[in-house]
Amino acid sequence: MDIDAKPLSNLKEVLDSEVKEWHFHIYFAQKNADQHYAALELRDAVLRLRRDGAFVAVPHFRVNTEPIGPHLIGSYEIWVPAETFSSVFSYLCLNRGNLSILVHPLTRDQRADHESRAAWLGTPLPLDLSNLPVRSENIPLQYTGLRVGYSAETTSMNLEDRRRLGANVENILKNEKGAARAPLD
């Protein structure tokens with residue numbers, strides 16, 4: 001992010017740019033049998049929990065035992081819609097063991113998604129971003145049949161619902177000494 005750039009604060013612009021889908025990349029050293037096993041155990045646990053209704057998360061069928069794309073060691077990907085991002089993030093934070101996990105949004109700017117918009121659970125690892133496109137024409141849609149994320153037919157709250165929610169939160173917090181107040185602009 002450009003240090004001189006101002007963050008968006010127009011509600012409509014913020015809602016229009018909201019990230020609807022995410023990737024979690026789980027890494028393991030391909031020559032380390034214990035790490036490889038731990039990564040596969042985590043994948044199976046995510047699949048069981050998805051089946052049982054804990055969250056929507058789609059581990060990619062392929063587990064990469066060699067470097068592929070920007071990922072320089074063994075890895076696999078888990079696609080997650082915004083609707084269950086918090087649940088998956090929480091689960092992986094608490095259950096990743098010593099595995100490193102890259103978390104990034106899915107937008108038209110794949111290079112920025114992997115580089116400046118990414119976060120790490122565990123130790124950050126180097127990536128080779130040289131072959132990632134800087135900007136794509138479309139957001140890369142995945143699993144559209146689930147009708148969540150970018151493929152959702154409706155949003156949970158419209159602009160007016162959000163405004164009412166914001167006003168209600170401000171009203172509830174007005175007497176909370178530790179809560180920051182919204183600017184009056």
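How many positive and negative side chains does the protein have, and how far apart do the centres of the two sets lie? Select the charged side chains to follow along: there are 21 positive and 24 negative ones, and the centres of these two sets are 3 Å apart. Please keep in mind that this is a predicted model.

Next, switch to a cartoon view of the whole chain. You will find five helices and five strands, and tracing them along the sequence gives the pattern α-β-α-β-β-α-β-α-β-α. With the C-alpha trace displayed, the principal axes span about 55 × 40 × 35 Å.

Of the 185 residues, 30% count as buried. If you display contacts between residues at least 6 apart in sequence, 66% of them join residues at least 24 apart.

For the last stop, select residues 33-51, which form helix α2, and residues 85-95, which form helix α3. Two packed helices are described by the angle between their axes and by the distance between those axes. Here α2 and α3 pack at an angle of about 145°, and their axes are 12 Å apart. The crossing of α2 and α3 is right-handed.

Which residues meet where these two helices pack? Show side chains for Leu42, Ala45, Val46 and Leu49 on the α2 side. In α3, their partners are Tyr91, Leu92 and Asn95.

Definitions and conventions
Residues are numbered from 1 along each chain as its sequence is written. This is a predicted model: local features need pLDDT of at least 70, side-chain atom pairs count only at pLDDT 80 or more; totals for chains, interfaces and linings use all residues. Side-chain values use heavy atoms; hydrogens and water are left out. Helices (H or I, at least four residues) and strands (E, at least two) are DSSP runs, numbered from the N terminus. Buried means under 20% relative accessible area, exposed over 50%, partly exposed in between (1.4 Å probe, protein chains only). Contact means heavy atoms within 4.5 Å. Lys and Arg count as positive and Asp and Glu as negative; His and the chain ends are not counted. The place of a charge is taken as NZ of Lys, CZ of Arg, CG of Asp or CD of Glu. Axes are lines fitted to C-alpha atoms, for helices over the stretch in contact, and angles run from 0 to 180 degrees between N-to-C directions. A crossing is left-handed if the near helix is turned anticlockwise from the far one by less than a right angle, and right-handed if clockwise.
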